[in-house]
Amino acid sequence: DGQPLPQNHHQEVSSNGSLALTAISRDRSEGRYSCSAYDKQGNSDQGHFDLRVVVPPHLGPLVFPSGTRAGMRAQSSCFVQEGDLPMEIHWEKDGHRLVSAANVK
């Protein structure tokens, strides 16, 4: 947005030209960053990068009914509370991936 850094206490510009960002968040950190260098003769160069903050999947608690006995039916849901789309959800039993079937949904 053309504003000089730092804009808040989560950005630190060092005298050696480096930029450090702490406590990165999507709303505060995402955007286009630019660095400019100038010499005494008036020559300059500029570089840019776009920072996109990626939110990994975070699941809610997996709950299975207590007291489940042989012959009963039971169900559990894999609820993704946050995370960037698109994503895939897979179930495994004992390290082996389960595939959709009439009795597994």
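Guide: Let us begin with a term: on a 1 Å grid over the protein atoms alone, a cavity is a set of points where a 1.4 Å probe fits but cannot get out, and lining residues have an atom within 4 Å of a point. A search of the whole structure finds one cavity of 30 Å³ or more. The model is predicted, and local features need pLDDT of at least 70, while side-chain atom pairs count only at pLDDT 80 or more and totals for chains, interfaces and linings use all residues. Residues are numbered from 1 along each chain as its sequence is written, and side-chain values use heavy atoms, without hydrogens and water.

Visitor: Which residues line the largest cavity?

Guide: Its lining consists of N8, H10, Q11, L21, T22, R28 and S29.

Visitor: What makes Y33 and F49 a stacked pair?

Guide: Rings of Phe, Tyr and Trp (its six-membered ring) pair if their centres lie within 6.5 Å; planes under 30 degrees apart count as stacked, over 60 as edge-to-face and the rest as tilted. The rings of Y33 and F49 are 5.2 Å apart centre to centre, with 10° between the planes, so the pair is stacked.

Visitor: Why is Y33 called buried?

Guide: Buried means under 20% relative accessible area, exposed over 50%, and partly exposed in between (1.4 Å probe, protein chains only). Y33 has 8% relative accessibility and therefore counts as buried.

Visitor: Why does F49 count as partly exposed?

Guide: Its relative accessibility is 42%, so F49 belongs to the partly exposed class.

Visitor: Why is W91 called partly exposed?

Guide: The relative accessibility of W91 is 34%, and therefore W91 counts as partly exposed.

Terms used. 1 Å grid on protein atoms, 1.4 Å probe; cavity = no way out; pocket = protein on both sides within 12 Å on 5 of 7 lines; lining within 4 Å. Points joined across faces, edges and corners; volume = space filled by probe spheres on them.
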